[in-house]
Structures are given as structure tokens and as C-alpha cells.
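Visitor: I'd like a quick tour of this one. Can you start with the overall picture and then take my questions?

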Amino acid sequence: MSAPSGTFQERVDKALGNAQLKVALERTTGNARRKRAAAVEAWPDFVAARAAAAAIKDHSIAHMAYYLEMFERNALASGAQVHWARDPDEACKIVVDICKAANARTVTRSKSMLGEEIGLPHALAGAGIRRVETDLAEHIIQLAGETPSHIIWPAAHRTREDVAKLFDEHHREKPTAHDVVSMVGSARKELREDFFAADVGISGANFLCADTGAICTITNEGNAELTTTPPRVHIVTAGIEKIVASTEHALQLTRLLVRSATGADLTQYTTFHCGPKRPGDLDGPDQFHIVLVDHGRTEMLTEMPEMLRCLRCGACLNHCVVYRAIGGHAYGGAYPGPMGSVLTPVFDGLEQTRDLPNACTLNGQCRQVCPVDIPLPTMLRHWREQSWRAGYEPKTLRAAIRLWAFFAARPRLYQLAQAVALPAMRLFAKGGWISSLPLASGWTAARDLPKPPGESFLTSIRKGGTP
Amino acid sequence: MPERGNAPNSPRVGLFVTCLVDSMRPNVGFAAVALLKSAGCKVEIPLAQTCCGQPAFNSGADEATKPIARQVIETFEPFDYLVAPSGSCAGMIKAHYPELFADDPIWLDRAKRLAAKTHELLSFLVDVRGFRPQNVACKASATYHDSCSGLRELGVKAQPRALLSSVKGLELRPLEGDETCCGFGGTFCVKYSDISNAIVGEKAQNVVATGADLLLGGDLGCLMNMAGKLSREGAKTRVFHTAEILAGMSAYAIGEESTGAAGKEAK
């Protein structure tokens, strides 16, 4: 699988040049926006529930160490094994070692963004372990040799027509027709054998319940259950911010998460996995491992605790005008969209990723639709401030902003400069519009600029006296 | 329009005209003055004003923003209200100046006091002054774009529609995605011109699809972005700031040979 490469601008150019991408993104995100709006409309207590959800997350974040230790005690008591990983390398090594100890040749995996974050697919490939993605969209991505472009719909960048071609090419039993039912049927047969032949199943977790030591998965396809139940070993990889105090909290958050993600009241499957198979159980894994991953999250506790509220619902992606224009791969990290633009600098470093928080209009719709009210625009602006301070912003931009700010803080000078600039700009106008202007190609490349007046408002006021 | 601004109990309003209106469309400033006077305010226009500082603030240049913000605070402190014909600039002063001075107790206090009396023009007219335009007519169909900062930082949504409902002959048509960003984003639109272009291209399509004669809004940055794209695409939609319609000062749309400030090109 190949991760997106090149500079941000190169990835953007590629995305904007792909007309099919816009079609695919609009189908998926448009549908999601409409369904979410209907779900919120149908829930009179949504505003109160949203505030409560944020408070639930804030509580577990404020007492994270306490609840993680409680989770560990209860998970151990249920027979699970708990592993702690500081960074992606440690996390991947723990997973690979468990797989090797189990003599695993094939592992099945149900969709987990944390797995993408820590590079688990690469680590498994590096260890020579065959990985089978069982989420339908992840299966598509695996066939295409790509990475996910959306945190809920990994194949959001591909149209159904595209997928049909992939299935025709790769599936042993091709779809009999290119409708949804036939295509899903073909994927089901393709994956079925692997579900039962896998040695290890790897899942993520939507919640870690401190009160029981159970982990909760929320899915629609049933693949998480088939990934975690038949194999001898079940490995959970989860970020430590998934901790909640109780099952009740997990369920309250689920109401917000699912509606915000897909507009449904509930997903098809909400499963609590607690410990390995017990005596008398008909099925379940012999070993149940939980790998808890930090990867910058403890620093976020002081730097940006609100971001740890994130439920990974994808609503901010679906409503983001930038995401809708360029898709997920252009962002270059595991997480795209507004939440990704906040998180990727944490994981990959700000200097390499400074474009992400900058490529945003700060329109605030992401915060408006966030089920836990994360102040995403404030956090994105905060990154810009840090990037400015660190000197990562381009020299020309820094010079331009400083020059402009010098004049803007000195009204008399500003107005003198303006009295020169406005008539000069007028020389470039044809009719009422300027279609090309030196030093303003960023504007005129995309749109016309109205011809400015001969003199400014304040000049007119000064000449004519105060009104 | 009757002027009621000289009664002894008239509030003193300092008009923060905004840098874009000042440089690019003085007519919006004159319309704002006329509306505020009609709404019974005593309007003053301090000459020592330039910009609210957003281009620097949103680039992360907080230290460069502070002198600009201090100047706005000092200039407008004496007034009963600061009113700006822009949700974005009013939002900067109201929501972000206190953030900017979070670590400076003296300026934080002054920023908060100014924030408390800062208003976007259209919401000020309705919410504070209970104003409705009288005897204003505009025989046209129009559609409305809700600019993001005004909408989400200041709750400007119903007020412009309430005001426009008093304009005789004006038919307001719903706009698909009226709460979706137009892709302006201040410096964003030049830093990431191609992404901005894709966003405003979709906005322009939605505007044209309404078939409305006019596109209205409350922020000149967004309006110039959309008007510029509509012009580039050859669309006939005429674009105005809502204040211009409400004040009956809508002879020339954005990009039509304007009267300029001094009326030199008036036909």
C-alpha cells in the first residue's frame, strides 16, 4: 500500500485535477451531511446531549490516569493481557511479537484508524504476515494498494464504478453484476474463508470502559465480530484517549457518535468485548490482548486537551469545504479534514505539515457539527501561531504580513499608501473589473477583482467632513 | 429616510468601516451611515482606523496583530457602540481580541469592554435598535449567503432576512448551501488560490441555480470573492452588500462601473 507522496501543493494539484474524485466525495459526504442533519433535527435534546457528551469526555480526560489504571485492573481480571506502547514502533512491535508467538500466517483486521496512525499494515507486511482487511471499504483500499481517505468511509475517494472494476480484476468469484448487492456478495465470498482461517484478528476500539475492562466496537458490517471471534488470538489496538469511566458513558457517547457519522440512531453492531473465551463459552479467542498507545496523547493533555475528546465520527470532514474539494489523500497523514489538520502536526511534526492548519478558511462549520464541541478553528489557528513563532512560515509571507501590519498600525501612513495604490490598481481595470493584477495573481487566477474607487471611504469623509 | 440621530438620547456609534469597504466599496460605508442615522444613532467615523488585524491574526502573527488591535480599542473606547458592516471584522473584535490579550490583564480588560459593545451592522439594527427600513423598494429577486463568521461567531442569520422582508418588491429565494463557506477565508483565498477556486466555483453554481437577479450578504470579502467568480464565469447575477439594498443605495453592483466615492463616473 502506498501512502500519499509529494508536497501538499502537489497532492492538491493531483486531487483538483481528478474530476472523478469530486463526484465520489460529493456522493459520500453529501449523503452523510443530509442524514446527519435529519438525525439532529429529529432529536430535540441534541444540544443538551452534545454538551453532556463533551463533559463526559472532559471528565475522562481530566482523570485519564485514574481511569486507565481502573481499566487495566478490570481488563486483567477478565483474563485480558494489557500492553502499553509509548509510540508507533513500540505498538507495532508488540502486535507483531504477539502474532509471531501465535505462529500467525494470516491476520484479519477490522477497520481501525489507530492502526493506520501507527503504520500497522506496514509493520505486518515487514514481518511477512499476511493481512486481510475485512471492512468492505478497507478491502477496496487494500485491493487498490491505497491508504484510507476518510476515517469512516476509507474508500470515499472511489466511485462505485471504480470499485466494480477492482472487484472484476481481483476477486476469485467476480460480481455477477455491477449493482451493490452483487458486488457486496462477491466481497463476502472473497473474505469468508479468511474470516475462519485467520490465526489472529486485530481490531480497534471505539471505547475502553474503565468500569468493566471491556472494549467497545461500533460497526455496520459485522466484520468486527467475525474478525475478533473465530481466531485464536484477538488483539485490540487503541489510543489511550478512548478511555471512558463507564459503560453508560460509552453508550451516551455512542448516540452522538453514530448520528454524527452516518445519521443512523445506532450502527448494526455495537459490541462489548470483555476478555478471552471463558469455560463454557461457545466461541471467542483463547488470548485477548489490548495494546494501549500513547503516541503524543499525554502531551496533548496539557497542550490541547479538547482534541482528546474526538470520537472519530468524521462529521468535520463531511462538512469541510476544503476536504470536499481535495479529499483525504491530499492531507498526507492518517487523519484528514479538520481533525486531521489538528492531529497530523502532533504526529508528524509541524514543520513538515504547516500547510494543513493553514489550508483552512476558519469558517467554523467543523466545530458546529462536532458532537463534542471541539474548538477546531481555534486549534488550527493555534498551530498557525506556533508555526509563525517557529519560523516555519514562508519568508515572503512573513515579510508581506509584517509590512502590511506596519502600515495598518499607522493610519496616516496607511492612508497615504492607499491613496497611491487605489488609482494605480484602477489602471488595470477594464470596465468595472480587473482580470489580472501584478502581485495579486492569487486572487485574479481564480476570479475577477472589482475596480476600486478613485478614493477611499475615509478620504471622502475627510474631504466632506463627518456626516 | 428620516434622520432621528440628533435626539439627546441617541447612542453614539463609532463606525468601524473595515479595510475592504474603505478601499474597495465606499458605498457600503455610506449606506451604513444612512441606516444607522435612520435607526436613531449619532454616527461618528474616526479617521484613525485601518483594519481589525485579521490578516495578521489568522496568519498566526499575534505580535504583529497587537498594535493594530490596541489602536482599534483606543479609537473606539469612547463610543457607546462600535458597529461594523461585517460579521468577520466584528467577530474579530468581539471574539478574538480577548483571546489575543489573554495574557495581558490591562489590555484584556479593555478588549473585553470593547467586545461587549461591538456589533455587526445588520444585527445591531435589528437586535439593538429594533429598526425596520421604511419606504425602501427594490423590484428584484435575491438570494442570500450567510457569511461564516457572522453566522457562527455572532448568530447573524434571521436579522438580515427580517430587514430585507421590509423591502418592497424584493423576493428572497433560498440558496442551496447558504451556510457553507464561499472559500474566501481572508488570506486563504490567495495562499491556497486553487482550493479557494474550487470552493467558490461550487458556490457560484448554487447562486446561478437560484435564478435570482441579486446575491446579497453582509461581508464584503465573501461578496467580492463570489462576485469575482460569478463575473469570471460570465454569470449575470448582481452582487450587493445588504446595507446597500436597505439604504436604497443600489444603483451599481460590485464590479459595475461605480460612482466611486466622489461620484466621478456616475452616469
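**Contacts and overall build**

Guide: In chain A, 73% of the contacts with a separation of 6 or more are between residues 24 or more positions apart. Two residues are in contact if their C-beta atoms, placed from the backbone, lie within 7 Å. This is a predicted model: local features need pLDDT of at least 70, side-chain atom pairs count only at pLDDT 80 or more, and totals for chains, interfaces and linings use all residues. Residues are numbered from 1 along each chain as its sequence is written, and chains are lettered from A and ligands numbered from 1 in the order in which they are written.

Visitor: How many helices and strands does chain A have?

Guide: Chain A has 24 helices and 12 strands. These are DSSP runs numbered from the N terminus: helices are H or I with at least four residues, strands are E with at least two.

Visitor: What share of chain A is buried?

Guide: Buried residues are 49% of the 467. Buried means 20 or more other C-beta atoms within 10 Å of a residue's own; exposed means 12 or fewer; partly exposed is in between, with C-beta atoms placed from the backbone.

Visitor: Which strands form the open sheet, and in what order?

Guide: Six strands of chain A, in the order 1-10-7-4-2-3, with parallel pairing. Strand 1 (81-85) and strand 3 are the edges, each pairing on one side only. Two strands pair if DSSP finds at least two bridges between them. Strand 1 of chain A is joined to strand 10 of chain A by five bridges.

Visitor: What stands opposite A85(A)?

Guide: V293(A), in strand 10 of chain A. D294(A) is in the loop between strand 10 (287-293) and helix 13 (297-303) of chain A.

Visitor: What does D294(A) contact, leaving aside neighbours within four places in sequence?

Guide: A85(A), R86(A) and I240(A). D294(A) has 18 other C-beta atoms within 10 Å, so it counts as partly exposed.

Visitor: Switching to helix 10 of chain A. Where does it bend?

Guide: At L191(A), by about 30 degrees. L191(A) is also among the buried residues of helix 10, along with M183(A), S186(A), A187(A) and F195(A).

Visitor: What covers the buried residues of helix 10 of chain A?

Guide: The cover includes strand 2 (106-109), strand 3 (130-133), helix 8 (136-144), helix 9 (160-170) and helix 11 (223-228) of chain A.

Visitor: Last one. What domains is chain A divided into?

Guide: Domain 1 (65-299) and domain 2 (407-464). The bounds come from an automatic or database domain assignment. The C-alpha centres of the two domains of chain A lie 57 Å apart.

Methods:
The bend at a residue is the angle between axes fitted to the seven residues ending there and the seven starting there.
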